[in-house]
Amino acid sequence: MCNIETEQKKKVLSCIQPSGMLTLGNYLGALKNWVNMQDEFDCTFAVADLHAITVRQEPAALRSQIYSTYALLLALGIDPEKNTVFIQSHVPFHTQLSWLLSCNTQFGEMSRMTQFKDKSAKHPENVNVGLFSYPVLMAADILLYKPDFVPVGADQKQHLEIARDIAVRFNNKYGDVFTIPEPYIPKTGARVMSLQDPSKKMSKSDDNVNSWVAILDSKDDIIRKFKRAVTDSEACVRFSEEQAGISNLITIYSAVTGKTVAEIEREFEGKGYGEFKLAVGESVADTLAPIKASYEEIIKDKKALEQLYKEGADKACRQAYKTYNKAMKKVGFVL
Ligand code: TYM
């Protein structure tokens, strides 16, 4: 008898670092998909706090960012009952599996990671071993939960490819342990660029606060940042490689409104940049406003948050333990 009810849902996993304010880039590149996927898939989401310390963090700020990132996931509408939502450091199997995987990953492979090259150039005073092996910990985050899909922005594609390579190699050597995950990258919004320098990705670690929009920014701040966004000299709202600034704004507007590029070009035909920037700012602010309002309620109740992230860690531990144990056995450890 065919029973659709008991058919297993495909699995999804993704994580986000709590290293500062989450941005519109995080939202459009990844978080929006997390929210949309939760009905169709069996989802596991984590705050990747261990990854955050690969760059220096002030302890009190790190603590408050971990809380606020977890609260923001709930404010976005991610349901901790339906999904597994936890804090990475609460599940020790991540670092434990990471060691096993490290011993099956080559130095040369890690040296080619563009994020390592970028971050070590940005922080030459702190090129630590954790920064170098960061993608192995990320591979452990993923492989422990056997996901079919990993929703991320385009900047994480290389890390996902290495996670797949590590998994394939491990399975070939020791037998079938890991599922080989597919990246799930949105068609629009996979790479939101800086509002001040559209050749760079929008990033919460950018010192220029006008270059990024935080999910929790006020409406006035959002509109001001879009008004100040750098645009190009053509003075018409048209998507093209030569007009990187305006094309970035068109992408953002398309991602938040669902309108196509052609529809947007038509809507603003004969209109100036000023009018367009205001429309983008307003639509982004209107999209983010309910998330901000919900966040402000959720963050007030630390006790409730604590209860949820502890339950999330228990659920995650039960899943992660099985994969970790299997991997250990296959490698030859005595359990
Ligand atoms: P993180 O914390 O930098 O970013 C979280 C998610 O947001 C996406 N993103 C963007 N998307 C579009 N445009 C942007 N400007 C932009 N900035 C960020 C990222 O692609 C990411 O999906 N290493 C990961 C965290 C991580 C992880 C994992 C992800 C740890 N373990 C396991 C997936 C699976 C990171 O630093 O993301």
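Visitor: At what distance does the side chain of T69 reach the backbone oxygen of Q65?
Guide: The model is a predicted one, in which local features need pLDDT of at least 70 and side-chain atom pairs count only at pLDDT 80 or more, while totals for chains, interfaces and linings use all residues. Residues are numbered from 1 along each chain as its sequence is written, and side-chain values use heavy atoms, with hydrogens and water left out. T69 belongs to helix α3, residues 59-75 (a helix is a DSSP run of H or I with at least four residues, numbered from the N terminus). From there, the side chain of T69 reaches the backbone oxygen of Q65 at 2.6 Å.

Visitor: Is T69 buried or exposed?
Guide: A residue is called buried under 20% relative accessible area, exposed over 50%, and partly exposed in between, using a 1.4 Å probe and protein chains only. Because the relative accessible area of T69 is 1%, T69 is buried.

Visitor: Which residues does T69 touch, not counting those up to four places away in sequence?
Guide: Touching, or contact, means heavy atoms within 4.5 Å. With residues up to four places away in sequence left aside, T69 touches I16, P18, L22 and V47.

Visitor: Is W99 buried or exposed?
Guide: W99 lies in helix α4, which covers residues 93-102. Since its relative accessibility is 60%, W99 counts as exposed.

Visitor: What separates the C-alpha atoms of W99 and V136?
Guide: Along the chain, W99 and V136 are 37 residues apart.

Note on methods
Helices (H or I, at least four residues) and strands (E, at least two) are DSSP runs, numbered from the N terminus. A polar contact is a pair of N or O atoms within 3.5 Å; within protein, one must be able to donate a hydrogen and the other to accept it, and residues adjacent in sequence count only if both atoms are side-chain atoms.
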